[in-house]
Amino acid sequence: MNVKELDAAYVAGTYGRFPVTLQSGKGSIAKDETGKTYIDLGSGIAVDSFGYADGEWADVIAKQAHTLQHTSNLYYTEPCAQLAKALCEKSGMKKVFFSNSGCEANECAIKTARKYAQEKYGKDRYWIICLENSFHGRTITTLAATGQDHYHHDFTPLTEGFLFAQVGDVEGIKALTAQYPVAAIMFELVQGEGGVNPLPHDFVTALAEIAKEQDILLVDDEVQIGNGRSGSLYAYQEYGIQPDIVSTAKGLGGGLPIGATLFGEKTEGVLKPGDHGSTFGGNPVVCAGACNIVGRITPALLAGVKAKSAYIFKSLEGAKGVKGVCGLGLMIGIETQRDAGAIVNECLEAGVLVLKAKDKVRLLPALNIPDETLQEAIAIMKTICAKED
Ligand SMILES: *Cc1c(COP(=O)(O)O)cnc(C)c1O
């Protein structure tokens, strides 16, 4: 059996895959089993921050794997401690809990918000306001926090305690906080799976004001936009707010599974020994790799992210067949005249890997994609967008 047949026979059928088996890669170029190469503008859904098989990162994780690969959290290990230090120093957050994925980072954020509010205000204060069209993960609780009904079907009853408001509806959120004892407001600053829509700045400022007045925690899900993709280390720095909890994952590990929940002043001491844990969380190999990634998210790299972003916006805005371009940094959504799915497939055929988000084409290139490579891919995309049906 070839790989496709093996997968069909033995892997649970939860994914709609492209008809391609990727075999190797280097930087922003991926190669399939036939030797065909692709310029990758998806980065394994915002995970491979510095592209495929990045040499520096691969050396670090290989060295750590040859030294000490796992200890459990019963012992101290240096990569975990160093990564937490780097994240806190660079973000201004105070403490970090490590897990293995985005949904786990959000689970930890939700548990922490509930504990903070219930200890301070009593058992009834557990409600969390989320936004319509959000995506926070696939566990039963993070599904409950996800404001898109089509993910919920067949999995009810979900965890209770979540309320929903429309993006931009400040009065609606105020009304919810008047009606319910609210522990937290949880949001993605750029709604990724929802269509790459950045929240309006004035709306985010209003959320921060409501939260401050009522001691409601701000929980910022930066699983997708975090770790340099926004043009800052974290997107809240672009918005000028200070969340109480930031969850992140995807790009942090450069390709290995990691989740991180970052706590601010109000929340750094909420979780006590025994309150939460993860067998693999803080794994030395993963953390050593993540230290390398975080260390390379420098002002120069972030300036590059902004420049590449500006290039994509400038090239595609107003281009034939393109109705609009949205997003932040190197997380970009393109509204196309033709069906986005058709464009994604034609790009694949033409050797460019792009993604979809709702009815848009989504780009999540590596943060260090070379300018020439990006230009080549965008030129191909433009040609495909401009085609008539
Ligand atoms: C991908 C994503 C998640 C879920 O992350 P997993 O690692 O798949 O659990 C949660 N929130 C946002 C914003 C995401 O983009």
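Which residue lies over the face of F50? Select F50 and look for R296, at 4.2 Å from the ring centre. Keep in mind that this is a predicted model.

Next, pick R125 and Y121: here R125 lies over the ring face, at 3.9 Å from the centre.

Now for the aromatic pairs. A search of the whole structure finds four of them. Select F135 and Y151: their ring centres are 5.2 Å apart and the planes stand at 55°, so this pair counts as tilted. F135 sits in the loop between β5 (127–131) and α6 (140–144), while Y151 sits in the loop between α6 and β6 (162–165), so the pair ties together parts that are 16 residues apart in sequence. Color by accessibility and you'll find both F135 and Y151 buried. Then select Y126, W127 and Y180, which form one aromatic cluster.

Last stop, a sheet. Show β13, β14, β17 and β16: these four strands form an open sheet in the order β13-β14-β17-β16, with antiparallel pairing. The edges are β13 (322–328) and β16 (355–357); each has a single partner strand, so one side of each is left without a neighbour in the sheet. From one strand to the next, the twist averages 30°.

Zoom in on β16 and β17 (residues 360–363), an antiparallel pair joined by three bridges.

Definitions and conventions. Residues numbered from 1 in each chain as written. Predicted model: local features only at pLDDT ≥ 70, side-chain atom pairs only at ≥ 80, totals over all residues. Heavy atoms only, no water. Pairing = 2+ DSSP bridges. Helix = DSSP H or I, 4+ residues; strand = E, 2+ residues; numbered from the N terminus. Axes fitted to C-alpha atoms, helices over the stretch in contact; angles between N-to-C directions. Phe/Tyr/Trp six-rings, centres within 6.5 Å; stacked < 30°, edge-to-face > 60°. Buried < 20%, exposed > 50% of the residue type's maximum accessible area, 1.4 Å probe, protein only. Lys NZ or Arg CZ within 6 Å of the ring centre and 35° of its normal.
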